[in-house]
Amino acid sequence: MVQPTPAVIASPQVHGLLQNLHELSEAQENSYSQKFFYLSRLAHYYLFGQTWTAASDDHMRDKFVSLEPNKCEFVYLLARSIGATRIVEAGTSFGVSTIYLALAVGQNVAQARGISTTGVIPTGKVIATEKEPTKAARAREHWRQAGDEVEPWIELREGDLLETLKVEEGMPEQIDMLLLDIWTPLALPTLKIIQPRLRHGAVVIADNVIMAKPLYKEFLTYIQAPENGFRTLTVPYSGGLEVSVYLPQK
């Protein structure tokens, strides 16, 4: 029987690392305690209007909360298809989805260098964000394990992303893709910080927009309003994935 070609181009070392990390993440997500946590957060929102607390931060400090493998593969292929070389990832956690983004950026840069006729050497990077120091350290270790296919293409900005993403130094003038894998109240403020840098045709992806639709209300209202320049579609992956393309009228 002919084996299907993997969606993601990577070495056996990186594929093995990703498989291991996804298995660890899936075990956490499928635990009763984690499912109860998510249900309790929705209940607190409906009953008390409460979106997040310090106790929530404490609970999530050792959790992967990474995108599922099929979502990661989709994002990777989307990044490859648009030739994305400048990506912002809001919410890095243990750096699993960052590996896919970095693979795409590195491969897109290599392709661009192969066909460039301008004499300018194409470059690229993933700007990743994480406020929790212990998670940032774990992410860096995972990228180190992934090696040169991944690690050189990532710049990690630690701290409050609403501040770190405003730092001009090192920020590309134009962004090809924005991945929003963060707690819902931060989605719209983060988008508004990055939006002035989005190139025409840039892609914005937000996770769990079906499962957490009430919490995404402001974000979805904004991104679905034509005057804000986006055309958007909810893709029915587990929890829902909002895929939006920035097509402002000139």
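## A buried arginine and its partner

Let's start with Arg157, which counts as buried at 7% relative accessibility; here, buried means under 20% relative accessible area, exposed means over 50%, and partly exposed covers what lies in between, with a 1.4 Å probe and protein chains only. The side chain of Arg157 meets that of Glu155 in a salt bridge, at 2.7 Å from N to O. The term salt bridge stands for a side-chain nitrogen of Lys or Arg within 4 Å of a carboxyl oxygen of Asp or Glu. Glu155 itself is partly exposed, with a relative accessible area of 22%.

## About the model

This is a predicted model, in which local features need pLDDT of at least 70 and side-chain atom pairs count only at pLDDT 80 or more, while totals for chains, interfaces and linings use all residues. Residues are numbered from 1 along each chain as its sequence is written, and side-chain values use heavy atoms, with hydrogens and water left out.

## Salt bridges across the chain

Side chains of opposite charge can pair when their charged atoms come close. How many salt bridges does the structure hold? There are nine.

Helices (H or I, at least four residues) and strands (E, at least two) are DSSP runs, numbered from the N terminus. Lys125 is partly exposed, at a relative accessible area of 21%.

Strand 3 also holds Glu158. Arg140 forms a salt bridge with Glu158, with 3.1 Å between the closest N and O atoms. Arg140 belongs to helix 6 (residues 133-146) and Glu158 to strand 3, so the pair links parts that are 18 residues apart in sequence. Arg140 is partly exposed at 38% relative accessibility, and Glu158 is partly exposed at 42%. Elsewhere, a network of salt bridges links Glu68, Lys71 and Asp207.

## Two loop residues with positive phi

Which loop holds Ser93? Ser93 is found between strand 1 (86-90) and helix 5 (96-115). Its phi is near 55°, a positive value in a residue other than glycine. Ser93 counts as buried, at 7% relative accessibility.

Asn208 is not a glycine, yet has a positive phi of about 60°. Look for Asn208 in the loop between strand 5 (198-207) and helix 9 (217-223). At 22% relative accessibility, Asn208 is partly exposed.
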